[in-house]
Amino acid sequence: MKLDPRTPVVVGVGQTAERITDPGYRAMSPVELAAAAAQAALDDSAGVGVAGAIDTIAALRQFEISGPVATAPLGRSNNYPRSVAKRIGAEPGRAILEIVGGQGPQKLITELAGEIAAGRSEVALIFGSDATSTLRHFAQATDKPDFTETIEGDLEDRGQGIDYLVSRNTVIHGLIDAPTQYALLENARRSGTGLGPAEYLRRMGELFAPFSKVAANNPFAAAPVERTVDELITVTGRNRMISDPYPRLMVARDQVNQGAAALLMSVATARRLGVPDEKWVYLRGHADLQEQDLLERPDLGHAPSAALAVREALDVAGISADDIATFDLYSCFPVPVFNICDGLSIAPDDPRGLTLTGGLPFFGGAGNNYSMHAVAETVARMRSAPGEFGLVGANGGILSKYSVGVYSTEPAPWRPNRSAQLQAQVDGGPTVPVTEHPDGPGTIETYTVRRDNGRRTGIIIGRLDSDASRFIATTEDEGLIARLTDEDPLGTAVQVRSFDYGNRCSP
């Protein structure tokens, strides 16, 4: 097939990881982890003079610089992308620091592939890293490394981009961490299944046990231990309940030291730099969509925009879900995986498997760069099975953003997607009215119980009887909390009252 010389291809991928228990543990900084992964991607391409040809670099934010009050206790680079570029001998004209969100790796790959296809770039390197395990290891140490770096150079800092994820209404009611918010979505999904809490917990364990088996065989995994269903769902001292219905082993593992990178270039540049054809993997399909605001979604247990993004990526690739040989579906918690399975009619126990890395609770998933590892695994798998298709689904926020990539060695011209048109459809869809200051009787739509140093706080999203508008409230009533943790409270009648400092529920 004769291709436009500007057609983008992925020509190199790289990963790196270290565990504190490793004999050769080096306490690598985020910059060092990313540089090692980036160098591995350059080496993987087998090209000549590739580093000097890079015109664009794009980086994902570390966990430690991803929130409004996040700090870097061991210091950080003032220009993370260019610190990495310097270590690999690159001097790109453009450097990007992407917004927060697990969708970021795939979104950047799609964006910069489009830049290459349009002739505005020839070689782009995308990378990310986290050293959260090392940060915690040295948190109380007197002799600790200093990761501070100062480097000159322009930086396109896109900001944290979390404004759409938070509001005063959600923050004052405790929706400030991922497990709490995803637990609300998980229990909302359970409402539609007809399953009781114990049955649903087992379904979550059955989903994730195969993920742990994949992680156990992945040399880059942070927790390479195969787990049984019963190990995952049985609450113990080491597998404590985090936010109902999630025991610790069902939650994304944020203690990691990992880095990953992907190298893209045009077909013409790949030929000029001597990159062998067998290294080329095409981004055959792609899409990026954003869900409605959390409290306004008609169905809190699903994010239809994510499934729509997958379908669009498949359409761009000209294939169906049945044609996919490998999946890696973002798995910070069970509900993002279930969401795609529900939307695409994929069985949770599909024999193709739903992860190549081992998933966020077992492979690891701090910060925003997890799906770069998924891309790296997918590219490697596609090279080993020419002509097959692999799909990466990258989730960000609270089922808020979804970016999809379909990869294959099978050549095809670059095709744009219809994400902008589809986003307009999502934005124009029906929403649920929200009452910020509710008073009166209502029913529980979904719920969770947070545990802060042993203190339990119930968080309830419900509907007012008077007008079916949605509200959010908390409770410290022991009787109601017992009902939330020990029974099935979905649909239970409650009373809600509004105060200046938030809304409170009682039986």
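Tyr182, Tyr246 and Phe333 form one aromatic cluster in this predicted model. Rings of Phe, Tyr and Trp (its six-membered ring) are taken to pair if their centres lie within 6.5 Å, with planes under 30 degrees apart counted as stacked, over 60 as edge-to-face and the rest as tilted. Because the model is predicted, local features are reported only at pLDDT of at least 70 and side-chain atom pairs only at pLDDT 80 or more, whereas totals for chains, interfaces and linings use all residues. Residues are numbered from 1 along each chain as its sequence is written, and side-chain values rest on heavy atoms, with hydrogens and water left out.

Nine aromatic pairs are found in the structure. In one of them, the rings of Phe208 and Phe362 have centres 6.0 Å apart and planes at 90°, so this pair is edge-to-face. Phe208 belongs to helix H8, while Phe362 sits in the loop between helix H12 (334-344) and helix H13 (370-384), and the pair thus links distant parts of the chain, 154 residues apart; helices (H or I, at least four residues) and strands (E, at least two) are DSSP runs, numbered from the N terminus. Both Phe208 and Phe362 are buried, where buried means under 20% relative accessible area, exposed means over 50% and partly exposed lies in between, for a 1.4 Å probe and protein chains only. The rings of Tyr330 and Tyr370 also form an edge-to-face pair, because their centres are 5.5 Å apart and their planes stand at 85°. Tyr330 lies in the loop between strand E10 (324-329) and H12, and Tyr370 in helix H13, so that parts 40 residues apart in sequence are tied together by the pair. Tyr330 is buried, with a relative accessible area of 6%, and Tyr370 counts as buried at 2% relative accessibility.

Charged side chains provide a further set of contacts. The structure holds 30 salt bridges, a salt bridge being a side-chain nitrogen of Lys or Arg within 4 Å of a carboxyl oxygen of Asp or Glu. One of these joins Arg190 to Asp488, with the closest N and O atoms 2.9 Å apart. Since Arg190 lies in helix H7 (residues 178-193) and Asp488 in the loop between helix H15 (478-486) and strand E16 (493-499), the pair ties together parts that are 298 residues apart in sequence. Arg190 is buried, with a relative accessible area of 2%, whereas Asp488 counts as partly exposed at 37% relative accessibility. A salt bridge is also formed by the side chains of Arg202 and Asp230 (2.7 Å, N to O), and this pair links distant parts of the chain, with Arg202 in helix H8 (residues 197-216) and Asp230 in helix H9 (residues 229-233), 28 residues apart. Arg202 counts as partly exposed at 35% relative accessibility, and Asp230 counts as partly exposed at 43%. The side chains of Arg483 and Glu487 meet in a salt bridge at 3.5 Å, N to O; Arg483 is partly exposed, with a relative accessible area of 34%, and Glu487 is partly exposed, with a relative accessible area of 44%. Elsewhere, a network of salt bridges links Arg94, Glu98, Lys107, Glu111, Glu115, Arg120, Glu156 and Arg158.

A search of the whole structure finds four cavities of 30 Å³ or more. On a 1 Å grid over the protein atoms alone, a cavity is a set of points where a 1.4 Å probe fits but cannot get out, a pocket is an open set with protein on both sides within 12 Å along at least five of seven lines, and lining residues have an atom within 4 Å of a point. The largest cavity contains about 70 Å³ of space, and its lining consists of Thr7, Pro8, Tyr282, Leu283, Arg284, Val316, Ala412, Pro413, Trp414 and Arg415. Strand E9 (residues 282-290) supplies the largest share of this lining, three residues. By class, seven residues of the lining are nonpolar, one is polar and two are charged. The second largest pocket holds about 350 Å³ of space and is lined by 21 residues, of which Ser167, Thr170, Asp293, Leu294 and Leu295 lie nearest its centre.

Note on methods
Grid points are joined across faces, edges and corners, and a volume is the space filled by probe spheres set on the points. Ala, Val, Leu, Ile, Met, Phe, Trp, Tyr, Cys and Pro count as nonpolar, Asp, Glu, Lys and Arg as charged, and the others, Gly among them, as polar.
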